[in-house]
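Take a moment with the sequence and the model before reading on. We will go through the parts one by one, starting with the ligand.

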Amino acid sequence: MFTIRTATSADIPQLVALLNALFAIEADFYFDPDKQTHGLNLLLASAKDRIFVAASLKDNKVLGLCTVQTLISTAEGGPVGLLEDLIVAANFRHQGIGAKLLAEAVNWAECQGLKRLQLLADKNNGAALDFYQKQGWQATQLVCLRKC
Ligand SMILES: CC(C)(COP(=O)(O)OP(=O)(O)OC[C@H]1O[C@@H](n2cnc3c(N)ncnc32)[C@H](O)[C@@H]1OP(=O)(O)O)[C@@H](O)C(=O)NCCC(=O)NCCS
C-alpha cells in the first residue's frame, strides 16, 4: 500500500539512491550524488516544478519518484512540462506505482495549465517505452541532441 505525495527535503537521500538506479540504465547519464542532490534541491525550491514520490503507507519509505519541470513552448504558445525522471524501486514494480506517479504528474500539469507533457527515454529501454505507450504517450519524430 502506498500514497503519492510531493517530495520533501527529508526524502532526498532516498531520491538520490533511486536516481543512481535510473542512471545505471540510461547510457547518457552518470551518477554523481552531489549533483543529483543539488538538482533535487533546486526542484524542491521551485514553484514551477514538482517532485512526486510514491511512499509506503507502512513506513513512509520512498518507493518511486517522478519529476516534472515547466518550460515555455513557442509551438504551443505557452507553458509545457518536461517529465525528467520516473523510476520505481525494483522490488516494487508491476504494482501500479509507476502508472499512479505518471497520472499524478499529468494531473498536476493540467492543473498548472501546461499545454503538453514530453519526456526523453533511452531508445534501448524497451520496458519503459512499452510502459509509456500503454499509458497513452506517443513517440515523435524528434531526436535529442546535446552540447556540453
Ligand atoms: C517504467 C517503470 C517506471 C514502470 O513502473 P511500474 O510501477 O512497474 O509500472 P506499473 O506497475 O504502473 O505498470 C507496469 C506493469 O504492471 C502492470 N500492473 C499494474 N498494476 C498491477 C498490479 N496491481 N498487479 C500486477 N500488475 C500490475 C501494468 O499493467 C503494467 O503491465 P506490463 O508489465 O504488461 O507493462 C518501472 O518499470 C521502472 O522504474 N523502470 C526502471 C526505470 C525506468 O526505466 N524509468 C523510465 C525512464 S524514461
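Which helix gives the most residues to the shell around the ligand? Helix 4 does, with 4 residues. Before going further, note that this is a predicted model, in which local features need pLDDT of at least 70, side-chain atom pairs count only at pLDDT 80 or more, and totals for chains, interfaces and linings use all residues. Residues are numbered from 1 along each chain as its sequence is written, and side-chain values use heavy atoms, with hydrogens and water left out.

Now look at the ligand's surroundings. There are 20 residues around the ligand, and Leu-86, Gly-96, Gly-98, Asn-125 and Lys-134 come nearest. A residue is near a molecule or strand if one of its heavy atoms lies within 4 Å of it. Strand 4 (78–88), helix 3 (97–111) and helix 4 (126–134) each supply at least two residues of the shell. Helices (H or I, at least four residues) and strands (E, at least two) are DSSP runs, numbered from the N terminus. Sorted by class, the shell has 12 nonpolar, 5 polar and 3 charged residues. Here Ala, Val, Leu, Ile, Met, Phe, Trp, Tyr, Cys and Pro count as nonpolar, Asp, Glu, Lys and Arg as charged, and the others, Gly among them, as polar.

Next come the distances to oxygen atoms of the ligand. A backbone N or O atom of Val-88 lies 2.8 Å from a ligand oxygen. For Gln-95, a polar backbone atom is 3.1 Å from an oxygen atom of the ligand. For Gly-96, the distance from a polar backbone atom to a ligand oxygen is 2.7 Å. On its own, the ligand has 930 Å² of accessible area, and the protein covers 69% of that. Accessible areas come from the Shrake-Rupley method with a 1.4 Å probe; for residues, only the protein chains shown count as cover.

Turn to helix 3, one of the elements in that shell. Its 15 residues should span 21 Å at 1.5 Å a residue, and the end C-alpha atoms are 21 Å apart, which agrees. The expected span of a helix is 1.5 Å times one less than its number of residues. Which residues of helix 3 are buried? They are Ile-97, Gly-98, Leu-101, Leu-102, Ala-105, Trp-108 and Ala-109. These residues lie on the same side of helix 3, because they cover an arc of only 135 degrees around the axis. The arc is that of the directions from the helix axis to the C-beta atoms. The face turned away from the buried side carries the exposed residues Glu-110 and Cys-111. Buried means under 20% relative accessible area, exposed over 50%, and partly exposed in between (1.4 Å probe, protein chains only).

Ile-12, Leu-15, Val-16, Leu-18, Leu-19, Leu-22 and Phe-23 are buried. Their arc is only 165 degrees, which puts them on the same side of helix 1. Pro-13 and Ala-24 are exposed on the other side.

Helix 2 (residues 33–45) has 13 residues and reaches 18 Å from its first C-alpha to its last. Gln-36, Leu-40 and Leu-43 are buried there. They cover an arc of only 60 degrees, so they sit on the same side of helix 2. The other side holds the exposed residues Asp-34, Lys-35, His-38, Leu-42 and Ala-45.

Now for the loops. Most residues other than glycine have a negative phi. Asn-60 has a positive phi, near 65 degrees. Asn-60 lies in the loop between strand 2 (50–56) and strand 3 (62–73). With a relative accessible area of 43%, Asn-60 is partly exposed. His-94 also has a positive phi, near 60 degrees. His-94 is in the loop between strand 4 and helix 3. Is His-94 buried or exposed? At 83% relative accessibility, His-94 counts as exposed.

Finish back at helix 4, where Asp-130 is found. Asp-130 is partly exposed, at 46% relative accessible area. Its C-alpha atom is 30 Å from that of Thr-8, 122 residues apart along the chain.

How values were computed
A polar contact is a pair of N or O atoms within 3.5 Å; within protein, one must be able to donate a hydrogen and the other to accept it, and residues adjacent in sequence count only if both atoms are side-chain atoms.
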